[in-house]
Amino acid sequence: MTATIQETPTQIGRSYPRRDAHEKLRGQAQFVGDIVVPRMLHGKALRSPLAHARIVSIDTSAAEKIPGVVCVLTGADLTDIDPYYGHAIKDRPIVAIDKVRFHGEQVAAVAAETPAAAAAGVEAIEVEYEELPAIPNVRKAVAPGAPLVTEVDAKQGLFHGLGELAPRDGNVCYRYRIDRGELEAVFARADVVVEGEYEFPAVYQYAMETHTVIAHYEGDEISLWATCQHPFLVRAEIADLFGVPVANVRIQVPYLGGGFGSKSYTKMEPLTVALARKAGRPVRIQNRVSESMVTTRRHNMWCRMRTAATAEGRLLARDVECLFDTGAYADNGPRVVATGGDAAPGPYRWAAYRVDAACVYTNLAPAGSYRAFGATHLQWIGESQVDEVARRAGLDPLEVRRENLCTPGEEVRAGGKPLDADLIGDVEKVAAAVGWKQAAPRRPWPLRRSACRRRPSRVERRVPPGGGRPRRRPRQHHGDGAGAAHGVRADRRRGDRRRTGSRDGARRGYALLAVRPLDRCEPLDNHRRAGRAASRGRHPHAARRDRSTLGHRPD
C-alpha cells in the first residue's frame, strides 16, 4: 500500500494584492472623518492652558448664547455617573473635575451646528484657575515630600490584567519588581562593572489621521464610529462608564489612518459620548494634531543600570532602577512598566539580577502604548552595556552575546516558560547579513581637508576637549510650559542626534536626550546636499564617537 503525503499549502513567497488597495488608490476609502451622520453636530474641547491648577469657576453663559451652539458640557453634567475611566486604573475623568493636571486637559466641550460655531463657543467659555506647583519630571515626583499629582483613589480598571492593584505609593501608581540570586555578592566578585544613568525621550506616535469619534446616544443605546485599535475593549469601557449593557453599545471602526499605539484603548470616546448624551444628537469630535499630541504619547523614562561581568566576558549580574513617566493619568502605563521591567535583564544567563520599575504620575500629558512599548525603553540601555562590557574586556561584542544568550529550553526569567527561540542563530544571521567580520568599505570619494577646517558649532564649542558634558546646559523646561525647547543636534544633517525638541515640546512632556561630543568627521552620502551646505559655509559632515556608550560616560 502506498501512502501519499500531501504538501501543506503555503503563502510564503507569493504576492497578493492588498484587499484595501482598490479603494485607497482611488480615494474611495472612508475614514471616520469622512462619515456624516444625519443631524450630526460638531464638537470641540476647551483645554487647560496650565499644567496644574484648581478650577475655581467655569462660566458657560456667553458660549451658550452664540448662534449655532447647542450645548456646553462641564463636569457638573456628569454627577449622575462615575466619570472616571481607564482600562488599567480608573483615574481619568471625562472632563477635568475640580483640578486640571496637565497642559491640554479637557475642561469643557461644546457641541454646535458648525465647526466655526463650536470653536467660537470654546473661546467664549470663561474659566478661573488657581495655579498650583507643577511636577515636571519623575525625579521630582518621587522626591520626599513631593505633592500628589492626583488625589483620586486608585480603582482597578476592567482590563488591568496585572494581578491585584497595590495601594498608591505617593505619585507611584504601579510598581513592578523582579529579582534573583545574591546581587551584591555577585557584584563583589566581578572584574568589569558598567554603570550609568540614562534618559529615554517621549515622542508622539504621529499618524496621518488624528483621533476622530462620532457618537450617538439614544435612550440607553450608544452608537460609535471611532478611530480605535481596540474596539471590543472600548465598547466594554463605554458600557461600564455610562451604565448600559454591553449589548447596547455598537462601535464601528472603518479604515484606520495609522495608529502605532496612539489609538490603543479608550481615548476620545468618553468625551464624545457624554457630549452627544447632553446634546441629544450625534456629535463628531475631530482632534487637530496639537490636540492629539496631548491625548497620548510614548513614556519618557529615567533609568540607572549597572552590569557586572568577568574579564572573560561572562555576564554575571544586572541591577536596574527605572522610573516611567506616565503623565497625569495611568492610561496603559502599568502594562508598559511591567513589559519594560521584564525586558530589563535581557535574554541572558544571570547569576543574579534585580529590577525595580515604577509607573509615576507627573503633570505632563498622559502616556500610553507605542510600538514595542516598554521593551525598547530598557533593551537599548541593556545592549549598550553589553557592548561596553565587551569593549572593556577587549572582546568581540558578537562573541560576548554568543556565550551569554539563553538557548532553547532555558528559562529566561525564574519560573517563566522556557525559551523556544534560537537567539544565537538569529544574532549570527544578522551579523552575517551586515558583514560584521568584514572591513568597512572605503568611501567613494576622499574627505576634503577643508571640510574639517570650519568654525565649530555652538554645541561643539560647549563640549570640553576630550569629551564630557557641554559646558552650558540647554534651557530647562517646566511643567507649565515655561521656557523654549531648544532642538540641539550633533550635526544638522547626519550623525547621531541625541537631543531634539520643539518650542512647545516642554509643555507636552517630550523629554530630551543628552548631546554626545564630537571627535571624528565623516562625509555625507548625499553629494548634492553636502555641496550646497559647504557653499553656504555650513559643515556638511557628521561626527561621531564610540558607539558602545549610548547616553552615558564610561567609568
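A search of the whole structure, which is a predicted model, turns up seven aromatic pairs.

**Aromatic rings**

- Phe-200 and Trp-380 form a tilted aromatic pair, with 6.1 Å from centre to centre and 35 degrees between the planes.
- This pair links distant parts of the chain, as Phe-200 sits in strand E10 (residues 192-200) and Trp-380 in helix H10, 180 residues apart.
- Phe-200 has a relative accessibility of 8%, so it counts as buried.
- Tyr-348 and Trp-350 make an edge-to-face pair, because their ring planes stand at 80 degrees, with the centres 6.2 Å apart.
- Both partners count as buried: Tyr-348 has 3% relative accessibility, and Trp-350 has 6%.

**Helices H10 and H11**

- Helix H10, the one that carries Trp-380, spans residues 375-393 and packs against helix H11 (residues 397-404) at an angle of about 110 degrees, with the axes 8 Å apart.
- Angles of 65 to 115 degrees count as roughly perpendicular, and H10 and H11 are therefore roughly perpendicular to each other.
- The crossing of H10 past H11 is right-handed.
- On the H10 side, the contact is made by Glu-383, Val-386, Asp-387 and Ala-390, while H11 contributes Pro-397, Val-400 and Arg-401.
- Sorted by type, the residues of this contact are four nonpolar and three charged, with no polar ones.

Methods:
Residues are numbered from 1 along each chain as its sequence is written. This is a predicted model: local features need pLDDT of at least 70, side-chain atom pairs count only at pLDDT 80 or more; totals for chains, interfaces and linings use all residues. Side-chain values use heavy atoms; hydrogens and water are left out. Axes are lines fitted to C-alpha atoms, for helices over the stretch in contact, and angles run from 0 to 180 degrees between N-to-C directions. Helices (H or I, at least four residues) and strands (E, at least two) are DSSP runs, numbered from the N terminus. Angles under 35 degrees count as roughly parallel, over 145 as roughly antiparallel, 65 to 115 as roughly perpendicular and the rest as oblique. A crossing is left-handed if the near helix is turned anticlockwise from the far one by less than a right angle, and right-handed if clockwise. Contact means heavy atoms within 4.5 Å. Ala, Val, Leu, Ile, Met, Phe, Trp, Tyr, Cys and Pro count as nonpolar, Asp, Glu, Lys and Arg as charged, and the others, Gly among them, as polar. Rings of Phe, Tyr and Trp (its six-membered ring) pair if their centres lie within 6.5 Å; planes under 30 degrees apart count as stacked, over 60 as edge-to-face and the rest as tilted. Buried means under 20% relative accessible area, exposed over 50%, partly exposed in between (1.4 Å probe, protein chains only).
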